[in-house]
Amino acid sequence: MILIAITIFLFISYGGLIIYYWQSWAQIPMGNGQLTNGKESFTTISIIIPARNEEENIKACLESISNQSYPKYLFEVIVVDDFSTDKTAAIVRSFGGKNVMLISLKDFTKEGEINSYKKKAIEIAVAKATGELIVTTDADCIAPKLWLQTIATFYKKHHPAFIAAPVAYSPSPAGEKIGIRLLKIFQSLDFMTLQGITGASVYKKFHSMCNGANLAYQKKIFLEVGGFAGIDTIASGDDMLLMHKIFERYPDKVLFLKSADAIVQTKPAGSLKKFLHQRIRWASKADKYTDKKITAVLLLVYIFNLWLLFLGILSVFYHFMFIWFIVTLIAKTIVELFFLYPVASFFKKEKLLWWFPPAQPFHILYTIIAGWLGKFGSYKWKERRVK
């Protein structure tokens, strides 16, 4: 029967892709912050943090950076205030420390004149940066003590043009409402999967993937590829679209840093609405990639999840299809768990995997909804409506 043949074909294609990612993740060598040949890295670093209405987070972020093991004279922090209406700028000013600089985006552009404020913020900060290496993170992130030292050691050893580094969602605080806690567990599982795929795909040069909460790239190469020129009208994509521009010119110098000492923690969305808007924003750049491999991967993932939903609906009317729906769903879960376990071990989140099987139906639905709205809908990001 044609429906069964399509189901088998899609599962083999999808399952083969996940197994490929599993093998690739396992092959990535572990990095650390140990000095190469006992010699310290003297790479100068400029950390860029775009911030909009982050008064609840920016102080903790800056404190984690000030506590770095890397010598303070070798790095600077540039916070770009993106038209904040709260106390974000005041907190940065009062933070102290001669290596922390505040830039106001309103001094360079007006609200409503551009479509990608984050790209503009980074572009301005790069122009003022004195570091050889640009490191970007977000205002709600917490960096571990060895973060910069690990990045600098990796950079000194391999001389990459672009470094994608790991990001994890911070754990839920004690006493949080069960609904919010479950939502955050779901996000952690989903995000951890994306991180595993990121490491695997970058290591194998299969396709470009990264997260702007933990990136590093040479300033001279950012300028050499024209920064965000050509992609500056796209609201999202300050990370992956830039990465692909650099990858096109330096494919062998785009690397993934697999080190627990480099894991930056960021906050998951605090509500279902914010979560969906975030994922729709991520999905909105899917048709902007010139990397055909990632376009093909995204299309396969979307079609496979859409087909599973179709099988589920079909099994209500044709009971003989129910067994195929269940078997395919279970097989999908097993293959994904096979890939996800070593990734969860790296992030020390193995206990979350107990929630993975019951989260499957919700993951299928959200993938379909976010993918569709990312292409045909709009989303709200940092109190701005984006189409």
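This is a predicted model: local features need pLDDT of at least 70, side-chain atom pairs count only at pLDDT 80 or more; totals for chains, interfaces and linings use all residues.
Three helices, α6, α9 (272-283) and α12 (356-376), each supply at least two residues to the lining of the second largest pocket.

- The space in the second largest pocket comes to about 400 Å³.
- Its lining is made up of 16 residues. Nearest the centre of the pocket you will find Leu182, Leu183, Phe186, Ala359 and Phe362.
- What kinds of residues form this lining? By class, 15 are nonpolar and one is polar, with no charged residues.

**Where α6 meets α11**

- On the α6 side, the contact involves Leu189, Met192, Thr193, Gln195, Gly196 and Ile197. Their partners in α11 are Phe339, Leu340, Val343, Ala344 and Phe347.
- Sorted by class, the residues of the contact of α6 with α11 are eight nonpolar, three polar and no charged.

**Where α6 meets α1**

- From α1, the contact uses Tyr21, Ser24, Trp25 and Gln27. From α6, the contributors are Gln195, Gly196, Ile197, Gly199, Ala200, Ser201 and Tyr203.
- The residues of the contact of α1 with α6 divide into five nonpolar and six polar, and none is charged.
- Gln195, Gly196 and Ile197 of α6 take part in the contact with α1 and also in the contact with α11.

- Arg181 sits in helix α6. Is Arg181 buried, partly exposed or exposed? With a relative accessible area of 37%, Arg181 is partly exposed.
- Leaving aside residues up to four places away in sequence, Arg181 touches Ser172 and Glu176.
- Arg181 and Asp82 are separated by 99 residues in sequence and by 30 Å in space, C-alpha to C-alpha.
- Lys204 belongs to the loop between α6 and β7. Lys204 is partly exposed, at a relative accessible area of 34%.
- Tyr20, Ser24 and Gln27 are touched by Lys204, not counting residues up to four places away in sequence. Ser24 and Gln27 also belong to the contact of α1 with α6.
- From Lys204 to Leu337 there are 133 residues in sequence and 21 Å in space, C-alpha to C-alpha.

- The buried residues of α8 are Met240, Leu241, Leu242, Met243, His244, Lys245, Ile246 and Phe247.
- What do these buried residues pack against? Their neighbours are β5 (162-164), α6, β7 (215-218), α7, β8 (254-256) and α10 (292-317).
- Asp238 is found in the loop between α7 (219-224) and α8 (240-249). Asp238 is buried, with a relative accessible area of 8%.
- Not counting residues up to four places away in sequence, Asp238 touches Lys118, Lys119, Ile122, Gly212 and Phe228.

**Two loop residues with a positive phi**

- Asn53 has a positive phi of about 50°, although Asn53 is not a glycine. Look for Asn53 in the loop between β1 (45-51) and α2 (58-66).
- At a relative accessible area of 22%, Asn53 is partly exposed.
- Lys348, another residue other than glycine, has a positive phi near 60°. Lys348 lies in the loop between α11 and α12.
- Is Lys348 buried or exposed? Its relative accessibility of 65% counts as exposed.

Definitions and conventions:
Residues are numbered from 1 along each chain as its sequence is written. Side-chain values use heavy atoms; hydrogens and water are left out. Contact means heavy atoms within 4.5 Å. Helices (H or I, at least four residues) and strands (E, at least two) are DSSP runs, numbered from the N terminus. Ala, Val, Leu, Ile, Met, Phe, Trp, Tyr, Cys and Pro count as nonpolar, Asp, Glu, Lys and Arg as charged, and the others, Gly among them, as polar. On a 1 Å grid over the protein atoms alone, a cavity is a set of points where a 1.4 Å probe fits but cannot get out, and a pocket is an open set with protein on both sides within 12 Å along at least five of seven lines; lining residues have an atom within 4 Å of a point. Grid points are joined across faces, edges and corners, and a volume is the space filled by probe spheres set on the points. Buried means under 20% relative accessible area, exposed over 50%, partly exposed in between (1.4 Å probe, protein chains only).
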